[in-house]
Amino acid sequence: MVSSTNHKLAVINFSKEKVGLESSWAATRDEVVAAMEEYGCFVALYDNVSSQLHEEIFESLKQLFDLPTSTKVLNKSVKPLFGYVGGIPLVPLYESLGIDNPNTLEGIQNFTKVMWPEGNDSFRETLLTYAKSQVELEQMVMQMIFEKYGVEKYLESYKKVFSYLTRVQKYRSPKENESNLAFVSHTDKSFMSIVHQHQYNGLEIRAKDGEWFNVDLTPSSFVVMAGDAIMAWSNNKITSAHHRVIMEEKGPRFSIAQFSFVEGIVETPEEFIDEEHPLQYKSFDHIEFLRFYAKPENLKQKHELPLKVYCGV
Ligand SMILES: O=C(O)CCC(=O)C(=O)O
Ligand SMILES: [Fe+2]
């Protein structure tokens, strides 16, 4: 689709040679924070996931989604919204499974032993390698943001309490007379998210002026996005990106979203608060916020910013 928008996400090179250099680290950090403040997201070009790994991971997702629904629904979690999603009338094209702690052997094993009781070493190894790379990318971005705002003294304690959820997702093509809105407009409830896709575009971002624009991605593109928790943490310096998925092209489209959550309290550092910038959100327990958001009566309300309802000042 040709779009006539003026909006375009920044594309920032995160290749090892580049960000490994002290001189380009600082320039990259500035680009990251400017992009996050403008759109709540940017595209990272990241060569730590090779094209071979990229193909392997999406090949293995096809196998996963081909399992019978009776197996996929066994993907459950005590954490709210961490399990299987499919057959939802609001998003009929969408199906997804959640892998808690995908960057640890235990986390990925807990998932594979439910999906393939006889084991699936190749899925386990591919996903673990992939998830570790994505976490590495997120931690670089996190470090840049904390540094740029002069609050890096809090970074180590945050790193200790971050946990990750990977959602693997499949969008089928719409049937005739069916809407092509494959995932409704939302902000992520995470601290940050990273989205990676196979073959087909579909992700759209809402700019601050309200215009929607699509994002053209390559196999080495990773969309790094601000979630609601970093918005609260930064006292709205960075606001979470409203986004949705439209199925323009033939599907199925596969994507992987990785979400970071704070296993504990998210609190705005005092450095972000002054007379001109009063505190916007009370400190909150991240997982409890998810529990609040996931209550059917709250989901039904379709709040523009559920976090504001939960703990806005
Ligand atoms: O599939 C995508 O491109 C985005 C998915 C998404 O927004 C989400 O899982 O929160
Ligand atoms: Fe999202």
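This is a predicted model: local features need pLDDT of at least 70, side-chain atom pairs count only at pLDDT 80 or more; totals for chains, interfaces and linings use all residues.
1. The shell around ligand 1 consists of Arg167, Gln169, Phe183, Asp188, Val195, Gln197, Gly202, Leu203, His243, Val245, Ser255 and Ala257. Sorted by class, this shell has five nonpolar, five polar and two charged residues. At least two residues of the shell come from each of strand E5 (162–171), strand E7 (192–198), strand E11 (243–246) and strand E12 (253–262).

2. Helix H5, which covers residues 105–115, and helix H6, which covers residues 121–148, have axes that come within 10 Å of each other and cross at roughly 140°. The two helices are therefore oblique to each other, and the crossing in which H5 passes H6 is right-handed. On the H5 side the contact is made by Leu105, Ile108, Gln109 and Thr112, and on the H6 side by Phe123, Arg124, Leu127 and Leu128. Taken by class, the residues of this contact are five nonpolar, two polar and one charged.

3. Four strands form an open sheet in the order E6-E11-E8-E9, and their pairing is antiparallel. The edges are taken by strand E6 (181–186) and strand E9 (212–214), each of which has a single partner strand, so one side of each is left without a neighbour in the sheet. On average, and with direction ignored, neighbouring strands of this sheet are turned by 25° against each other.

4. Within that sheet, strand E8 (residues 203–206) pairs with E11 in the antiparallel sense over three bridges. Leu203 has Val245 of E11 as its bridge partner, and both Leu203 and Val245 are also listed among the residues that surround ligand 1.

5. Two backbone features deserve a separate look. Most residues other than glycine have a negative phi, and most peptide bonds are trans. Asn177, in the loop between E5 and E6, has a phi near 75°, which is a positive value in a residue other than glycine. The peptide bond from Gly251 to Pro252 is cis, with omega near 0°, and Pro252 is placed in the loop between E11 and E12.

How values were computed:
Residues are numbered from 1 along each chain as its sequence is written. Chains are lettered from A and ligands numbered from 1 in the order in which they are written. A residue is near a molecule or strand if its C-beta atom, placed from the backbone, lies within 6 Å of it. Ala, Val, Leu, Ile, Met, Phe, Trp, Tyr, Cys and Pro count as nonpolar, Asp, Glu, Lys and Arg as charged, and the others, Gly among them, as polar. Axes are lines fitted to C-alpha atoms, for helices over the stretch in contact, and angles run from 0 to 180 degrees between N-to-C directions. Angles under 35 degrees count as roughly parallel, over 145 as roughly antiparallel, 65 to 115 as roughly perpendicular and the rest as oblique. A crossing is left-handed if the near helix is turned anticlockwise from the far one by less than a right angle, and right-handed if clockwise. Two residues are in contact if their C-beta atoms, placed from the backbone, lie within 7 Å. Two strands pair if DSSP finds at least two bridges between them.
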